[in-house]
Amino acid sequence: MKPKSRRRNLRMWRDAFLLVTPFTLLYLIFFIFPTFRMVQLSFTNAPLVGSGEFNGLANYQRLINDWVFWKSLKNTGYFVLLTVVPNTAFGLMFALMVVRLKRIQSMVLAAFFLPFMLPVSVVTLTWQWLLDTQFGISQYVLRLFNEGKSIAVFNDPNWAMPVVAFVTIWWKVGFNMLLFIAGLQAISKEYYEAASLDGANNLQIFRHITWPLLWPITALVLTLQLIAQLKIFDQVYLLTGGGPFNSTIVVLQLMYREAFQNNRGGYASAIALVLFIVIMVASIIQYRVLRTGAAR
Amino acid sequence: MTSTSRITVPGLVGTAFTVFMAALWFFPLYWAAITSLKFEQDTLTKPPGWFPNPATLKAYGRVLWESNLLRWYFNTVFTGLVITFFVLLLCLLCAYAISQLSFPGKTLLYWALLAGFMVPGQALTVPQFILLNDLDSVNTYQGIILPQLIAPIVIIIYKQFFDGIPRDLRDSAIIDGAGEFRILFNIFLPLNWGITWALAIVTFIGAWNAFFWPFIITFSEQMMTIPVGITQVSDAFGVFYARTMAMALLAGLPVIIAYLIFQKRVTEGIMVTAGLKG
């Protein structure tokens, strides 16, 4: 009995080993190892390619005194403020608008959702054209708010970030809408029927039934957004390049610039580590929020 | 039920507003499409024309034959297919072991996967680039592909689906003398074709749309994927917006078509990767 089960165990271990090894190997080489390497590099003066020397906390000292770094942190926070809540609110609004439709539902859904499917550069190229200072069609709208003058939105420090945020919402809102639709469809019809029998109006129904029952989804969307938007790079890089005069530079772009344009691998790793810690904190918040959401 | 489907004035106003918002949201894509069908000089008229008049495919011709677009198509399709295939295969194997077998180190592996969610992939760009440079893989297909093979979320999803399969199924197959690989490919995989398709489509779309990593690892136009390539050429095009929009649409068309065909699978895939259902 004993040796036989041991043999079976050994065989299972062997099979399990064969099954997990391919992924685990890649995970170790291309994910775990780079994670530790990032930490190690951040304490060196390494260039992007080639070896460097241990320089203690020099990178971090420099970071604290680098106004562009603080600017990039501030801009990333600003972008998060401009996108997370509005994107969630629009997602919820569109979901509420879509679920009550019947015949035209799939068409309306597609209109809101299709942008999310597109590569970021298709989105930015389209909006660069729509917002072109001379010939962009959106300028007809902007001129109404600017005494008839066009606005070079991506060259204007006041306009650049809000417009990038707006483009981001246009692009990503479909994802949030989809999650909210799933959440709304999961709410039992009986609640609504009981409420309307009691004579509750739509606002009361939303306030006392939809909103509380939807909260776990809302919390999920908010935290997913928070983590995603902290990693902002693509749209900012493609639309403004961080300009004008660093007024829209974000953390990830500073990392990119220091590593790949200024050839400072060590310093860029220190910036990456800061982003890493910020996102880790956000992930922990997400975990806590979602757990309390589920416990309700 | 009858009370909610009755036509009311607020209901009609709501529907009208919904249609208006949907039209507004769709407008940029409409505008990109009609711009791409205009002659270059017609894109710059004031006021702009709402329809291409006359319409022409000239911009598409120039983009297809005078840029590297076809090459980028090939690069994107090829790397996308390789990434999708290996992500699914590797995760399928790993998830099966984690879900069905007990082996030393299993808990550690599982926690390492969960911990990985807290690490933003982009923060690893510098060490990953250095690593691939050491492997002589900068500006190559394997350079684009390798880091994109790491998708622990797919393991977590497969594991959840495998956990839901009755234990007896594997036990009786074992008694019949089947090995783990046969059980996986003859029982567990066929039972989960639905989720496999959903994950495959979402992974492919993700690889197609990936911008940051291909942007970092490729530098010659010959090796770029579509999302990276089209940002390089538009600068050269300058104000030739018909061409730029034709290129943007050609880059977006495959994912839009994929969505329209596989709508349900795409939705399912997005839901499970966001952590809903499953």
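What follows is a short chat about a predicted model with chains A and B.

Biologist: Why is B:Asp163 called partly exposed?

Modeller: Buried takes 20 or more other C-beta atoms within 10 Å, and exposed takes 12 or fewer. B:Asp163 has 13, so it lands in between and is called partly exposed. For orientation, B:Asp163 sits in helix H8 of chain B, residues 152-163. Its C-alpha atom is 9.7 Å from that of B:Ala95, 68 residues away along the chain.

Biologist: What makes A:Ala272 a residue that touches B:Ala123 and B:Val126?

Modeller: A contact needs C-beta atoms within 7 Å. A:Ala272 meets that with B:Ala123 and B:Val126, and also with A:Met38 and A:Met255, leaving out residues up to four places away in sequence.

Biologist: And which residues have the most contacts inside the largest nonpolar core?

Modeller: A:Ala272 is one of them, along with A:Phe112, A:Met177, A:Ile271, B:Cys91, B:Cys94 and B:Val154. That core has 161 residues. Helix H7 of chain A, residues 157-186, gives the most to it, 15 residues.

Biologist: How do you know that this core lies between domain 1 and domain 2 of chain B?

Modeller: Domain 1 (2-60) and domain 2 (66-274) both give residues to the core, so it lies between them.

Biologist: What about the contact between the chains: how many residues does each give?

Modeller: Chain A gives 61 residues and chain B gives 70. On the chain A side, helix H1 has the largest share, with 19 residues. By class, that side has 49 nonpolar, eight polar and four charged residues.

Note on methods:
Residues numbered from 1 in each chain as written. Chains lettered and ligands numbered in written order. Predicted model: local features only at pLDDT ≥ 70, side-chain atom pairs only at ≥ 80, totals over all residues. Core = buried A, V, L, I, M, F, W, Y, C linked by C-beta atoms within 7 Å. Helix = DSSP H or I, 4+ residues; strand = E, 2+ residues; numbered from the N terminus. Domains from an automatic or database assignment. Contact = placed C-beta atoms within 7 Å. Nonpolar A, V, L, I, M, F, W, Y, C, P; charged D, E, K, R; others polar.
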